[in-house]
Amino acid sequence: MHHRHRHHRAMGAAVAATAALLVAGLSGSASAGTAPVDAAPTAAETLRTDAAPPALLEAMQRDLGLDRRQAERRLANEADAGATAGRLRAALGGDFAGAWVRGAESGTLTVATTDAADVTAIEARGAEAKVVRHSLTDLDAAKARMDKAAAGLNTADAPVWYVDTRTNTVVVEAIRPAAAHKLLAAAGVDGSLSRVEKRTERPRTFYDLRGGEAYYINNSSRCSIGFPVTKGTQQGFATAGHCGRTGSSTTGSNRVAQGTFQGSIFPGRDMAWVATNSSWTATPYVLGAGGQNVQVTGSTVSPVGASVCRSGSTTGWHCGTVTQHNTSVTYQEGTISPVTKTTVCAEPGDSGGSYISGSQAQGVTSGGSGDCRSGGETFFQPINALLQNYGLTLKTTGGDDGGGDDGGEEPGGTWAAGTVYQAGDTVTYGGATYRCLQGHQAYAGWEPPNVPALWQRV
C-alpha cells in the first residue's frame, strides 16, 4: 500500500533496508473490529489475532514446531485464555493463585486457587482447576520482600528470582545455592514458599559495540528500536534503558541523525524513550523480515505459557513462550525488576527490540543468556510500565492516536484513552463501573462496554 511506502521512506533507508527491529505501535481505533454493534467482539477479535504478520507466524512455526493453522489457533486460544483468566481472577478475589496456558495450541488454561470450593466455578468457565497452598498475593508479597532484601546483598551468584505460579512457589535460580539461601533468609521467606534451582550462566545485557544496523547511540554502540510511540505531537520510540542515558544522541542504521534520549532508567528498571527529529515518522508497525510491516494493534499482556516473538536487528525474528511474569534479574550493572522471563533467544545488538504476541506489544529486550545458535533465555521490560512511566502512547493501527490526552468525547466517567490499566483496576464509563480483566493501554475503540475481553461490568 502506498502509504506504507511513504512511512518507509520517512523512517529512513536505514531502518527500511534492514530487517531492523523497528517495532511499531499499538494504539489505533477499533475500526479493525467488524462485529455488528449488537454482538460483543470475542477476545481474539479485540486483540486482532488475525493481524499477526506472516513473519511472526513463520517464526512461531519454526521455533514452536507448529503448522500455520496451529499457530493461528494458538494466538486465538491465548487471547481467549487471557480474558477467561481475568474474569476468574476477579471472581476468586484473594483465593486466586495464578493462571497459565499449555499445549501446542495453548488449548488448556489452568487456574489455581487456595479454596477447593472454587473448583466448580473455574471448571464452569472451561478451565482446569488446581488447588494450591499459597495465593498469588502471598507469593507476590514474598517476592517483594526478596527485592527489598536484594538491595543490601550481592546477588551476582543468585541472579534470577520470580513468582512461579505453576509450582506455587517463589523460585531463585542460583549459580551457588548458598547465595540463594542467603537471599531467602534475608527476606524471611519460608522454605515451604520457595525453591532453589541451579543455573550456570550469568544473564547479561545485549549491547554491541561493533557496529551493525538498527540505531546507534552517540555514534558508537548499537541497539534495536522497540515500539514507535507518541507523546502529544512528539514522535519517537521506546527502547531499553541500558542502551543510552538521558541526553544521548541517536542515529539511524543509515547513520542519519535521528533523535535524543528523553528519559532512561537502568538499573532498577530497563526502560527509555527517544524523541526523534522531523525526518523520522512513528508508524504502527514493527519491521519484519524482508521489510514487511508487522502490525501492532494494542499492548494487552499475554498469560504465562503464551507464545511471544521478538524482533531484533542482529538475529531477526525468534519465538518462544512467556515463562514467568514478575521476575527480578541481576546483571553486572545491577538488578532489574519486574521483567518478564521468556524462552526466546537473543544476541548482542538485539537490546531494546520488540516483543509481540500476535499483534499485541509486550515489551522491549533487556538481556538474557545463551544465543540463537545454542538456545537461550531472555528478559523483557514490559511495555505498559514504560508507557505509563513516561506518559507515552503506543502507535497502533487505525485512527488518530491523539496522544491520549484529548479525552473530551467520553460520555462521562474516569476511563480515558492513553491510560495504562492493570488487572483489577476499576473505572466508570457512561454511568457504569467496570473492572479491568487484562493489563493494557486504552485507546479509542477500546471503551469498556465495547471490549468484554478487557473489561467486566461490576
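A residue is called buried when its relative accessible area is under 20%, exposed when over 50%, and partly exposed in between, using a 1.4 Å probe and protein chains only. The model under discussion is predicted: local features need pLDDT of at least 70, side-chain atom pairs count only at pLDDT 80 or more, and totals for chains, interfaces and linings use all residues. Residues are numbered from 1 along each chain as its sequence is written, and side-chain values use heavy atoms, with hydrogens and water left out.

I turn to helix α5, which covers residues 68-92; helices here are DSSP runs of H or I with at least four residues, numbered from the N terminus. At its start, a side-chain oxygen of D67 comes to within 3.1 Å of the backbone nitrogen of R69. After the helix comes G93, with a positive phi near 60 degrees.

Next, salt bridges, meaning a side-chain nitrogen of Lys or Arg within 4 Å of a carboxyl oxygen of Asp or Glu. The whole structure holds 18 of them. How far apart in helix α5 are E78 and R74? They are four residues apart, about one turn of the helix, and their side chains form a salt bridge at 2.7 Å, N to O. E78 counts as buried at 5% relative accessibility, and R74 counts as buried at 6%.

R68 and E72 also form a salt bridge, at 3.2 Å, N to O. R68 is partly exposed at 36%, and E72 is partly exposed at 37%.

Finally, D371 pairs with R373 at 3.5 Å, N to O; D371 is buried at 18%, whereas R373 is exposed at 67%.

Key: Helices (H or I, at least four residues) and strands (E, at least two) are DSSP runs, numbered from the N terminus. The expected span of a helix is 1.5 Å times one less than its number of residues. A polar contact is a pair of N or O atoms within 3.5 Å; within protein, one must be able to donate a hydrogen and the other to accept it, and residues adjacent in sequence count only if both atoms are side-chain atoms.
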